[in-house]
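Grab your viewer and work through these exercises one at a time.

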Amino acid sequence: MFYPSGLFRLKARSVLKGHWQTALLIALIVNLPTLLMQGFSAFTGNDLASRLQSVLISSSRDGLIPQQQLLKEIDSIMGSTAFWTMRGLELLAWLITPCLTLGMYRWLMNRVRGLEDPVSTVLCRMNQFFRAIALQLLVILKILLWMLPGIALSVYLLLPVYQSGDINAQLAALQRSYNMTLPVMLLIIIPGGMAALRYALSEFIMADEPQTRILDCIRQSKELMKDKKKDLFFLLIGFLLWHLLAMTLSSLFTGTLSLLVQMLAGLAISVYMGCSVAVFYLFLRSGEKAPKEPETEELN
């Protein structure tokens, strides 16, 4: 049976109505470590992408060879203590985020259940710090294993480019790789996407039932998502339009204001999407045959 994704989003909007301020504050706390590191990295000039982009622009303008300039810039960046300090801080931010995410999912699920929880709920799963990291790493590993055939084929096609000293052989290898771009991408994206959907509810399970073992969270997610992957796919794909709208809206502004609009829009979308998936998860847990439309009083 196919479940209309609009009903899950409708339920999410109904439970978030009047609670958006709290939800956005919780989302900000979850993303604060990453946002601080990104902002500090850009402010101190240790953002790798920005520095390489500036080199490309200046090289094109001055008529210099971009490859030589890029190699010099990369050597300069990789030898910088500040750069590696920032990478360490970013790793620390990444380590903190999983347990905070569990706390946000817990708050969202309680909201769906009609419970009133304080902002401090975002910290309720801090005791799951190492288990949250282990769960995320294990899910990533399982997804990568499903993507392995496509990755192996890509490496196999590109290997002659680096092994051969003959320019004609290298060009031929690049052409073969180019011709196989679509099959390789399909071998990577389709299995990886299916695996990501299969394990998508494991964090919600740990947030909802923290005593559940890590492998059991993954196993239960697989069981819940059996024959339901297309439902979650269409639920998530609907948020692409919101992301496009946020990008368009932020492009209307410049500088700090553009970044602020982009950040607020990203937080709102993450809350909306997380709540929709929480509704979806609780619906599957309930064992009901079909999702119910929110009652009229919930929407008023």
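**Exercise 1. Placing a serine**

In which helix is S250 found? Then work out its burial and its contacts.

Solution. Start with the secondary structure: S250 sits in helix 12, which covers residues 240–251. Bear in mind that this is a predicted model. Next, check the accessibility: S250 has 6% relative accessibility, and the cut-off for buried is under 20%, so S250 counts as buried. Last, list the neighbours: skipping residues up to four places away in sequence, S250 touches S258, V261 and Q262.

**Exercise 2. Fold and confidence**

Describe the overall make-up of the chain, then decide where to be careful with the coordinates.

Solution. Count the elements: the protein chain has 14 helices and zero strands. Then look at burial, where 37% of the 300 residues count as buried. For contacts between residues at least 6 apart in sequence, 76% join residues at least 24 apart.

Now for confidence. The chain averages a pLDDT of 84, and 81% of the residues score at least 70. Among the elements, helix 9 (residues 202–208) has the highest mean pLDDT, 97, while helix 14 (residues 296–299) has the lowest, 48. Where pLDDT is low, the predicted coordinates should not be read in detail.

**Exercise 3. Into the core**

Which residues have the most contacts inside the largest nonpolar core, and which helix gives the most to this core?

Solution. The largest nonpolar core has 58 residues, and the ones with the most contacts inside it are L16, L108, M109, L201, F204, F280 and Y281. Helix 13 (residues 255–286) gives the most to this core, contributing 14 residues.

Now zoom in on L16. Leaving aside neighbours within four places in sequence, L16 is in contact with A23, W107, L108, V271, Y272 and C275. Of that group, take C275: its relative accessible area is 0%, so C275 is buried.

**Exercise 4. Salt bridges**

How many salt bridges are there? Work through the pairs and ask how exposed each partner is.

Solution. The count comes to seven salt bridges.

- R111 and E116 meet through their side chains at 3.4 Å, N to O. R111 counts as buried because its relative accessibility is 10%, whereas E116, at 59%, counts as exposed.
- R113 pairs with D208, with the closest N and O atoms 3.0 Å apart. This pair links distant parts of the chain: R113 is in the loop between helix 5 (81–112) and helix 6 (129–163), D208 is in helix 9, and they are 95 residues apart. R113 is partly exposed at 39%, while D208 is buried at 13%.
- R285 and E209 form a salt bridge at 3.6 Å, N to O. R285 lies in helix 13 and E209 in the loop between helix 9 and helix 10 (214–224), so the pair ties together parts 76 residues apart in sequence. R285, at 34%, is partly exposed, and E209, at 26%, is partly exposed.

To wrap up the charged groups, R213, D216, R219 and E223 are linked in a network of salt bridges.

**Exercise 5. Cysteines**

How many disulfides does the structure hold? Is C217 buried or exposed?

Solution. The structure holds zero disulfides. As for C217, the relative accessible area is 0%, so C217 is buried.

Note on methods:
Residues numbered from 1 in each chain as written. Predicted model: local features only at pLDDT ≥ 70, side-chain atom pairs only at ≥ 80, totals over all residues. Heavy atoms only, no water. Core = buried A, V, L, I, M, F, W, Y, C linked by side-chain atoms within 4.5 Å. Buried < 20%, exposed > 50% of the residue type's maximum accessible area, 1.4 Å probe, protein only. Helix = DSSP H or I, 4+ residues; strand = E, 2+ residues; numbered from the N terminus. Contact = heavy atoms within 4.5 Å. pLDDT = per-residue confidence, 0-100. Salt bridge = Lys/Arg side-chain N within 4 Å of Asp/Glu carboxyl O. Disulfide = S-S within 2.5 Å.
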